Amino acid sequence: MSSKKIGFWSVWALGVGGIVGGLFPALGVVIQIADVGAPLAFAIAGTIALITTYAYAKLSVAHPCRGGTVTFLNQAFGSGLFSGTLNLLLWFSYVVMLSFYLQAFGSYGVSLFTSTQPIWKHLLISLAILGTTGLNLLTANHIGKSQIWIVSFKLGILILFITMGSSHIDISRLEPVSVSSLQSIFAGAMVIFLSYEGFELIANAAEDLVNPKYTLPRVYYSVIGFVILLYVLIALVTLGAEPIEQILAAKDYALAEAAKPIMGQFGSVLITESML
C-alpha cells in the first residue's frame with residue numbers, strides 16, 4: 001500500500017460520491033411514499049445524518065484507522081459477542097445498501113437500451129461489481145484522485161439539472177404539505193437515510209488523510225451540508241417539472257425521466273451516465 005496521504009478534496013469527493021449514489025435509487029421510492037413532501041423528507045433525513053456525523057467526526061479523530069465503524073464498536077464494547085453482532089448487522093446493512101444501488105444501476109442502464117430484457121440488467125450489475133472491486137485494488141491516493149474526477153462529473157450534471165430545471169418548475173405541483181401526510185414524510189425520511197449512509201466511508205479513509213484531527217470534522221460537516229442542499233433542490237425540481245404520475249411510472253429511474261422535459265433526451269442520457 002502506498003504511503004502517500006490524501007487531502008481534503010479527495011476524501012470530500014469520496015464522501016459525496018458515496019452518498020450521492022444513493023439519490024438515484026431513492027428518489028422515485030421516496031416520492032412514492034412522501035408525495036410532495038419528498039423534499040421535506042430529504043431534509044429530515046439529512047438533519048439526522050448531520051447529527052450522526054458529530055459522533056463520527058469525534059470518533060474518527062480519536063481512532064483514525066481504516067476499520068471505521070467496526071473499530072469504533074470494538075473500542076466501545078470490546079471484541080465480544082455484542083460488538084460482533086452489531087458489526088454483523090452493519091455488514092448486512094451494507095449488503096442491503098449495495099443491492100439497492102446495484103438495482104438502480106441496472107434500471108438506469110437498461111433505460112438507455114431499446115431492449116429491456118432482464119439479461120442486460122443483470123449484465124450491467126455484474127460489470128458494476130467487477131469494476132468497483134477492481135477500483136478497490138488501487139492505492140488510497142489513486143482512489144482519491146479518481147473520486148475527484150468521477151464526483152466532479154456527476155455533480156456537474158446534477159447541478160446543471162437543478163439550474164435548468166428551476167425555470168421549468170410548476171408551482172401548482174408543489175402543494176403545501178398537510179399535517180395528515182407527516183407520517184408518510186417521516187416514513188420517506190427513514191428510507192432516504194439509507195442514501196445518506198455513504199458518509200461512513202470518510203471514517204475508513206481517516207488513516208490515509210493528511211492532518212485528520214483538523215481535516216476530518218471539516219470534511220464530515222461540509223459533505224453532509226452540501227448533500228442536504230443538493231437532495232432538497234433535486235427533489236423540488238423533479239416534483240415541479242413533471243406530473244407525479246409520470247415520475248412514479250418510471251420510479252426505478254425517476255431522475256432520468258424527470259430530466260426529459262428539462263434537458264431533453266440527451267439530458268436524460270447524461271443523468272443515466274452519471275449514475276453509471
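User: How many of the residues in the chain are buried, as a percentage?
Analyst: Buried residues make up 46% of the 276 residues. Buried means under 20% relative accessible area, exposed means over 50%, and partly exposed lies in between, with a 1.4 Å probe and protein chains only.

User: What kind of model is this, and how are residues numbered?
Analyst: This is a predicted model, where local features need pLDDT of at least 70, side-chain atom pairs count only at pLDDT 80 or more, and totals for chains, interfaces and linings use all residues. Residues are numbered from 1 along each chain as its sequence is written, and side-chain values use heavy atoms, with hydrogens and water left out.

User: What secondary structure does the chain have?
Analyst: The chain has 12 helices and 0 strands. Helices (H or I, at least four residues) and strands (E, at least two) are DSSP runs, numbered from the N terminus.

User: Why does the radius of gyration agree with a compact globule?
Analyst: A compact globule of 276 residues would have a radius near 19 Å, and the chain has 19 Å, so the two agree. The radius is taken over C-alpha atoms, and the globule rule is 2.2 Å times the number of residues to the power 0.38.

User: What box do the C-alpha atoms fill?
Analyst: Roughly 55 × 45 × 35 Å, taken along the principal axes.

User: Let's switch to Thr 53. Where is it found?
Analyst: Thr 53 is in helix H3, residues 38-62.

User: Is Thr 53 buried or exposed?
Analyst: Thr 53 counts as buried, because its relative accessibility is 0%.

User: Which residues is Thr 53 in contact with?
Analyst: Leaving aside neighbours within four places in sequence, Thr 53 is in contact with Phe 199, Tyr 220, Tyr 221 and Ile 224. Contact means heavy atoms within 4.5 Å.

User: Tell me about Phe 199. Where does it lie?
Analyst: Phe 199 lies in the loop between H8 and H9. Its relative accessible area is 2%, so Phe 199 is buried.

User: What does Phe 199 touch?
Analyst: Not counting residues up to four places away in sequence, Phe 199 touches Ile 19, Ala 49, Thr 52, Thr 53, Tyr 56, Tyr 220 and Ile 224.

User: How far apart are Phe 199 and Tyr 220?
Analyst: They are 21 residues apart in sequence and 7.3 Å apart in space, C-alpha to C-alpha.

User: Back to H3. What span should it have?
Analyst: At 1.5 Å a residue, the 25 residues of H3 should span 36 Å, and the end C-alpha atoms are 36 Å apart, which agrees. The expected span is 1.5 Å times one less than the number of residues.

User: Which residues of H3 are buried, and what covers them?
Analyst: Among the buried ones are Ala 49, Thr 53, Tyr 56 and Ser 60. Their cover includes helices H2 (23-34), H4 (69-77), H8 (182-196), H9 (200-204) and H10 (212-241).

User: And which residues of H4 are buried?
Analyst: Thr 69, Thr 71, Phe 72 and Leu 73. The buried residues of H4 pack against H3, helix H5 (81-110) and H9.

User: What follows H4?
Analyst: Gly 78 follows H4, with a positive phi near 80°.

User: Which phi does Asp 35 have?
Analyst: Asp 35 has a positive phi of about 55°, although it is not a glycine. Asp 35 sits in the loop between H2 and H3. Asp 35 counts as partly exposed, because its relative accessibility is 37%.

User: What about Asn 211?
Analyst: Asn 211 has a positive phi of about 50° and is not a glycine. Its place is in the loop between H9 and H10.
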